[in-house]
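Okay, thanks for coming, everyone. Let me put the structure up and then walk you through a few spots in it.

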Amino acid sequence: MTCVFPAHTYGEGPRAHGYWQTTAEMPDFPRAEGEITCDVAVIGAGFTGLSAALHLAEAGQDVRVFEAETPAWGASGRNGGFCCLGGSAASDTMLRKMHGEPARREYRQSEAEAVRFTRALIDAHGIVPDIHSDGETVLAHTPKAAAGFAERAARIKADYGVTPRFIPGSELTQMGMKGPFYAALTTPLGVALNPFKYTLGLADAARRAGARIYAHSRVTSISQTRGFTLATPQARITARRLIVATNGYSSDDLPGWMRARYIPTQSNAIVTRPLTEDELAAQGWTTRQMCYDDRFFLHYFRLMPDNRMLFGMRGGLFSSPGFDARMHRTIRRHFEAMFPAWAHVETPYSWNGLLSLAPDLTPYAGPIPDMPGAFTGLSYHGNGVAMASYAGGILADLAMDRTPRTLYPEIMRKPPRKWPLGRFRRAMLWPPYALATLTGG
Ligand SMILES: Cc1cc2nc3c(=O)[nH]c(=O)nc-3n(C[C@H](O)[C@H](O)[C@H](O)COP(=O)(O)OP(=O)(O)OC[C@H]3O[C@@H](n4cnc5c(N)ncnc54)[C@H](O)[C@@H]3O)c2cc1C
């Protein structure tokens, strides 16, 4: 299997000091063994694969999920838990230029639908992922950014049909948002959640609906004759339909079409020990809103129900135990600069994971062009809690030859082009990363 990062990235090292896996027990999942025949085989047990499996099982399909490690092992069990608008990293101007205004608008509508879809899944299946936050709050880190919030609010209202709340810099302290910020804008859509509990909740719902989920069952080959034949170390699987849901953990040859159509990129997060009421007061940060600043490479942070602070930012371009340690020092530095009163507070949890970027900076959910009967959903650009769950629903419908029950925007139907530079394509990210380092972002 051909992967873009070194083996370290795909091992236990980057998640060894993760927080989420300490918050819930991993249920038992069997290994795939022997001959297995099913309607739909799903590769990958994150949001995309499990949402697809749940919807397929509910429709009566015999669906099997094959996960290389355990459900929630990938980005779905490592993220910041911002169930919010997003999925594309393209600006409105880029979307308009590449796809036209009607397609841009439709895509923005699908972002709001994805958030509602995910919340409905959580409620319908009784998943309890420690929800908090009334929508998302963006904080201006410069006066210029604050001045742009009026126009941003107007765009949000036009695109998503909700009215954002502007909080001027003079009121941030009384809102419990004291920090190096000049204003805030809250969009009342989305919630913060524990992504590990949410993923395991999806797995549980999928199993209750009849899906079978196999752990430690890495798919090592895919071939297609009339249907699909998959191999894992101990099983041979025959399926009518296939869904590849491996996103940032994809391999360039599984299947070959994936080659260079995504760039895996690291994101990093830390979690503090529970903060005391005095420590919260000393920093002036008491809000439970999920927040991010509006830098190009943004910081995301939220005070969780147990008074631990989660803080995340982009990861590095390289991956090894040494680079992980260096990245931990970098993220600590950014955390202490934003919250100086917490410079003494330990962060026992620190981890990273892979998300995926597409050349057009938009997500894809649809057929794998040269493999009739195979589908994939990928590249949510660091915003997959809602969008990957939503894509999973679309993939389930497509795999059953049904028109998707949800809005299926034109932009998400366009298969990703290839990145230049083949397996060395990570080099494409050097210029923006170097610029971010130089400008402190
Ligand atoms: C640190 C971090 C923070 C983030 N924060 C946020 C956030 O706050 N909000 C947000 O919306 N998004 C966030 N994201 C992005 C989000 O986590 C992802 O977009 C989303 O989890 C993608 O889900 P997925 O199911 O497509 O992929 P994944 O969850 O990555 O699942 C892919 C799975 O495929 C498995 N796999 C790979 N190859 C094989 C194989 N050959 N056989 C079997 N299994 C295989 C992997 O083991 C993995 O479990 C963050 C990501 C990271 C890394």
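**A walk through the model**

Let's start with Glu111, which sits in helix H3, residues 101–124; helices here are DSSP runs of H or I with at least four residues, strands are runs of E with at least two, and both are numbered from the N terminus. Before I go on: this is a predicted model, where local features need pLDDT of at least 70, side-chain atom pairs count only at pLDDT 80 or more, and totals for chains, interfaces and linings use all residues. Residues are numbered from 1 along each chain as its sequence is written, and side-chain values use heavy atoms, with hydrogens and water left out.

So, is Glu111 buried or exposed? Glu111 is buried, because its relative accessible area is 2%, and buried means under 20%, exposed over 50%, partly exposed in between, with a 1.4 Å probe and protein chains only. Glu111 is also 298 residues from Pro409 in sequence, yet the two are 9.8 Å apart in space, C-alpha to C-alpha.

Now the ligand. How many residues surround the ligand? There are 35, and the closest are Thr48, Glu67, Ser76, Phe82 and Val385; a residue gets in if one of its heavy atoms lies within 4 Å. By type, that shell divides into 17 nonpolar, 15 polar and 3 charged residues. For the bookkeeping, Ala, Val, Leu, Ile, Met, Phe, Trp, Tyr, Cys and Pro count as nonpolar, Asp, Glu, Lys and Arg as charged, and the others, Gly among them, as polar.

Look at the backbone here. A backbone N or O atom of Phe47 is 3.0 Å from a ligand oxygen, one of Phe82 is 2.9 Å from a ligand nitrogen, and one of Val385 is 2.8 Å from a ligand oxygen. On its own the ligand has 1000 Å² of accessible area, and the protein covers 98% of that; areas come from the Shrake-Rupley method with a 1.4 Å probe. Helix H1 (47–58), strand S16 (349–357) and helix H9 (384–399) are the elements giving two or more residues to the shell. The largest share, 3 residues, comes from S16.

Last stop, Phe323, in helix H8, residues 321–338. Phe323 counts as partly exposed because its relative accessible area is 31%.

One more, at the other end: Thr23 is in the segment before strand S1 (34–43). Thr23 is partly exposed too, at 23% relative accessible area, and its C-alpha is 14 Å from that of Gly80, 57 residues away along the chain.

Notes:
Polar contact = N/O pair within 3.5 Å; in protein donor to acceptor, adjacent residues only side chain to side chain.
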